[in-house]
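Dear colleague,

Please find below the structure that I am handing over to you. My findings follow directly after it.

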Amino acid sequence: MTVDETTRTVTPARAAEELELRREEYRLAVRMGLIRTASPADRDEAVRDRGGGRERAPERRPVERAELDRLKAAPDFPGGLRERVRAVGAGEAAGLLSITPDRFARLARTGHLSPVRFYLNRYRSVIWLYVAAEVTAFGEEHPALLVGRLPAEVREREADGEDLRARNWRSRHLALLLRGTDDPWARAAAVASLLDPVQVAEVVDDPYERGHLDRLRPAPPPGFPVSGAAHEVAARLVRADDPDEILWHRVSLALALDEARDARQAPRPGERPRPAAATTTEPEPVAVAVSVSKPVEVVAGPGVVRPSGAAPVGGPVERPSVRARAVRGARPPGQPPRARRPGLLDRLRRSLPGRTGGGGWGERRDWG
C-alpha cells in the first residue's frame with residue numbers, strides 16, 4: 001500500500017456505507033471510539049475545520065482509508081462491528097438477560113446499567129436505549145442480580161424513588177463529547193452544555209467567554225425534539241438536576257476554563273490584528289501585577305492598552321499583570337510630548353449643543 005493510499009480520506013457517508021452501518025450506528029461507533037476519524041494536524045487545520053467558530057463534530061469528519069481497511073480486516077466484520085454498536089430498548093434488553101422488563105427497569109433505575117441514547121415517543125414518554133453488548137456483559141458479570149430477590153440495598157434505593165438513568169446518560173454523553181475533541185474551549189463548552197444558563201453564568205463571569213462557550217455548544221443528541229412540549233422534556237434530561245451532580249459539573253467547568261484560558265483567550269467582537277511596530281525602539285510589552293479587578297497590559301507601543309480578557313494577537317499571551325497604567329503614554333527621557341491631532345471623538349463633542357467650540361465639557365452656552 002502506498003503512502004498516498006494510507007493518507008487518502010473518505011466522507012462519513014461513504015465510510016458508513018463501506019462499513020455497512022446505518023447513520024445512527026456510525027455516529028455511535030465514532031463517539032464510542034470504535035472508528036477513528038481524521039483529526040486536524042495543526043491549529044491552522046483546526047481553524048479551517050470549524051464552521052462559524054464551531055469545531056466539526058467527530059462523526060462529520062473524514063475517515064482515513066487506512067482506518068477503513070483496519071476495520072474491514074477484522075475477522076468478525078461486519079457483524080462484529082454492528083453488534084458492538086447495536087442499541088436496544090428495555091424490552092429487548094430484558095430478553096437478552098432472560099428477565100422481566102420490570103426487573104430490568106429496576107436495575108436500570110438504580111444505576112446498574114447506563115443508557116446510551118434516548119428518544120421520546122408520540123406520547124412524550126422517554127424511551128431509553130442500551131448497548132446490547134454491554135447488557136450481555138452485565139448479565140455475565142452479575143448473574144446473582146438476575147434471579148431471586150433483589151438485594152436489600154437495591155430495594156431501598158428503589159423505594160426512595162431513585163432513578164439514575166438520566167444522570168448516567170448525561171455522564172456517558174459528556175464522556176463521548178470530550179472524547180471527540182482536543183480543543184480546550186470546545187471541551188469546556190461540552191461541560192457547560194449540561195448546566196443551566198444560570199449555573200454557567202455563576203461560574204463564567206466574563207460575558208465574552210460565555211458567548212464563546214455558547215457558540216461552541218455541541219449539537220443536541222440524536223432524537224432530540226426541535227420544539228414543543230417534547231423539546232422541554234428532552235431539555236430537562238440534558239441538564240443536571242441533582243445538587244451533587246451540579247456541583248461536580250461546576251467544578252469541572254472551572255477547571256476546563258483554566259485550561260482553555262491558558263491555551264488562548266476567548267475572542268472579543270470587532271478585534272483585528274494590530275500591525276507590527278515600525279521600529280525596534282518601541283517599548284516591549286509590559287505586564288506588571290497590581291490588585292485590580294480588571295488588570296491590563298501594554299501592547300507594542302506607548303499608550304496602547306488592551307483589556308486583559310482580549311483575544312491574543314498572534315498567539316496566546318500571559319494574563320496581564322499590573323502597573324500598565326503607569327507606563328501609558330511613556331516616552332524617552334527629554335522628548336517633549338507629541339501634539340495630539342483632533343480625533344473623531346473631539347469633533348463629535350464639538351458638534352453637541354451646549355458645548356463650546358473648543359470641545360470643553362464643562363463650559364455650557366447660555367440658552368436662556
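I begin with the surroundings of Arg-170. Apart from its neighbours within four places in sequence, Arg-170 is in contact with Leu-194, Arg-236, Leu-237, Val-238, Arg-239, Ala-240, Asp-241 and Glu-245. Please note that the model is a predicted one. Arg-170 belongs to helix 11, which covers residues 165-179. With a relative accessible area of 1%, Arg-170 is buried, because the cut-off for that class is under 20%. Its side chain makes a polar contact of 2.8 Å with the side chain of Glu-245.

The second topic is the aromatic residues. In the whole structure, 3 aromatic pairs were found. In the pair of Phe-104 and Tyr-130, the ring centres are 5.1 Å apart and the planes stand at 90 degrees, so this pair is edge-to-face. The two residues are 26 residues apart and link distant parts of the chain: Phe-104 is in helix 8 (residues 101-109), and Tyr-130 is in strand 7 (residues 126-131). Phe-104 counts as buried at 0% relative accessibility, and Tyr-130 counts as buried at 2%.

Leu-247, Val-251 and Leu-255 make a nonpolar surface patch of about 290 Å². Of these residues, Val-251 is placed in helix 16 (residues 243-263) and counts as partly exposed, at 45% relative accessibility.

With kind regards

Technical notes:
Residues are numbered from 1 along each chain as its sequence is written. This is a predicted model: local features need pLDDT of at least 70, side-chain atom pairs count only at pLDDT 80 or more; totals for chains, interfaces and linings use all residues. Side-chain values use heavy atoms; hydrogens and water are left out. Patches are made of residues with over 30% relative accessible area and no salt bridge: like charges are joined within 9 Å, nonpolar side chains (Val, Leu, Ile, Met, Phe, Trp, Tyr) within 5 Å. Accessible areas come from the Shrake-Rupley method with a 1.4 Å probe; for residues, only the protein chains shown count as cover. A salt bridge is a side-chain nitrogen of Lys or Arg within 4 Å of a carboxyl oxygen of Asp or Glu. Helices (H or I, at least four residues) and strands (E, at least two) are DSSP runs, numbered from the N terminus. Buried means under 20% relative accessible area, exposed over 50%, partly exposed in between (1.4 Å probe, protein chains only). A polar contact is a pair of N or O atoms within 3.5 Å; within protein, one must be able to donate a hydrogen and the other to accept it, and residues adjacent in sequence count only if both atoms are side-chain atoms. Contact means heavy atoms within 4.5 Å. Rings of Phe, Tyr and Trp (its six-membered ring) pair if their centres lie within 6.5 Å; planes under 30 degrees apart count as stacked, over 60 as edge-to-face and the rest as tilted.
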